[in-house]
Amino acid sequence: MPSILVTIHDVAPPLMPRVERLWDICARRSVVPGLLVVPDWHGAWPIERDARCVDWVRARAADGAELFLHGERHDEVGSSRGPKDTLRALGRTNREGEFLTLTYDAARGRIDRGLARMRALGLEPVGFVPPAWLARPDTHRAVRDAGLSVSEDDGTIYAFRAGRTIASPVVRWSSRGALRAYASLLQAKLRWVLQQGHSVVRIALHPADLDHPATAASVERTLDLWIGAYGPSGYAGL
Ligand SMILES: [Zn+2]
C-alpha cells in the first residue's frame, strides 16, 4: 500500500488566496499537506513583510503541516543557462528553475539564507524542494549538509536522515494554456492507472492549478481517488 504525500507548492504572499483554497480542498478530505515556502518570491515579496501570510503558515504548522524551503526567490534572475540546462528545463518551467544552474556553493548560500529567514519567523523546515524540481546533484548535497532531512526531484525523494533514496512519481498539473491543462488531466489519470505499485506517490498542488476549471476539478477528483484508497501520510513516515 503506497504512502501518499500531498504538498502545496509556492506558498508566498502574492499567491496566498489560492494557497488557502488548496488548503481548504485538502482539509475537506482530512489531509494535512506539506507546505513549500518561498521566502522572497521573485525578489519582490519578502515573506517577513506579510505578517498575515507568516501567521497563516505558522498556524498551519501548528496544525501539523510539514514545512519545506522551496528556493529563495523561485526565478532564474541572475543566473544563465547552458545548452544542457535548457534541454533539462524544456517544457518544465517558465524560467523559474532557480537551482537549475547552481553549483554547490551557490545552492548552499541560498539554502542557508532561506533557512535563516524561515527560522527567524519561527518556521522550522524539514526539507527542501527546488523550484520545478530542477537542480543538480550539488543542490541535494547542499540540502543534506545544511542538516535538512529531505530533498527531492521529480522522480526521487532523498530521505537523508533515513539514509534512503526512494523512487516516487509525482502527480501534478499544468494550467499554462488549455493544451497543457488537458494534457496534465490525462497524466493524472494515467498515474492512477499505472503507478499504484509504487511505495510512495506524491501529489503536488500548485496555486495555478486553480486557474483552469478542468485542472481544478481534476485536483479534487485525484485527491479523492488516491486519498480515498490509501489515506494520506507525511514525510516523517519515510
Ligand atoms: Zn514552485
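Me: Helices here are DSSP runs of H or I with at least four residues, and strands are DSSP runs of E with at least two. Where does that place His-74?
Reply: In this predicted model, His-74 is in the loop between strand S5 (67-69) and helix H3 (83-89).

Me: What makes His-74 buried?
Reply: The cut-off is 20 or more other C-beta atoms within 10 Å. His-74 has 25 C-beta neighbours inside 10 Å, so His-74 counts as buried.

Me: What is the phi of His-74?
Reply: Phi is near 65°, a positive value in a residue other than glycine. Most residues other than glycine have a negative phi.

Me: Which loop holds Ala-132, and what is the phi there?
Reply: Ala-132 sits in the loop between strand S6 (127-128) and H5. Phi of Ala-132 is near 60°, again positive in a residue that is not glycine.

Me: How do you know whether Ala-132 is buried or exposed?
Reply: By counting: 23 other C-beta atoms lie within 10 Å of Ala-132. Burial needs 20 or more, so Ala-132 is buried.

Me: Why is Pro-131 called buried, and what does Pro-131 contact?
Reply: Pro-131, in the loop between S6 and H5, has 23 other C-beta atoms within 10 Å, and the threshold is 20, so Pro-131 is buried. Leaving aside neighbours within four places in sequence, the contacts of Pro-131 are His-70, Gly-71, His-74, Glu-96, Gly-97, Glu-98 and Phe-99. Pro-131 and Thr-165, 34 residues apart in sequence, are 20 Å apart in space, C-alpha to C-alpha.

Me: Which hand does the crossing have, and which residues make the contact?
Reply: The crossing of H4 and H5 is right-handed. H4 contributes Tyr-104, Ala-107, Arg-108 and Ile-111, while H5 contributes Asp-138, Thr-139, Arg-141, Ala-142, Val-143 and Asp-145. These residues divide into five nonpolar, one polar and four charged.

Me: Why is Ile-111 called buried?
Reply: Ile-111, in helix H4, has 26 other C-beta atoms within 10 Å; the cut-off is 20, so Ile-111 is buried. Beyond four places in sequence, Ile-111 contacts Leu-69, Phe-128, Ala-142, Val-143 and Ala-146. Trp-45 is 66 residues from Ile-111 in sequence and 17 Å away in space, C-alpha to C-alpha.

Me: Which residues touch the most other members of the largest nonpolar core?
Reply: That core has 57 residues, and those touching the most other members are Ile-8, Val-11, Leu-35, Val-37, Phe-68 and Ile-203. Not counting residues up to four places away in sequence, Ile-203 touches Ile-4, Val-6, Val-171, Thr-222, Leu-223 and Trp-226.

Technical notes. Residues are numbered from 1 along each chain as its sequence is written. This is a predicted model: local features need pLDDT of at least 70, side-chain atom pairs count only at pLDDT 80 or more; totals for chains, interfaces and linings use all residues. A crossing is left-handed if the near helix is turned anticlockwise from the far one by less than a right angle, and right-handed if clockwise. Two residues are in contact if their C-beta atoms, placed from the backbone, lie within 7 Å. Ala, Val, Leu, Ile, Met, Phe, Trp, Tyr, Cys and Pro count as nonpolar, Asp, Glu, Lys and Arg as charged, and the others, Gly among them, as polar. A nonpolar core is a set of buried Ala, Val, Leu, Ile, Met, Phe, Trp, Tyr and Cys residues joined through C-beta atoms within 7 Å. A residue is buried if 20 or more other C-beta atoms lie within 10 Å of its own, exposed if 12 or fewer, and partly exposed in between; C-beta atoms are placed from the backbone.
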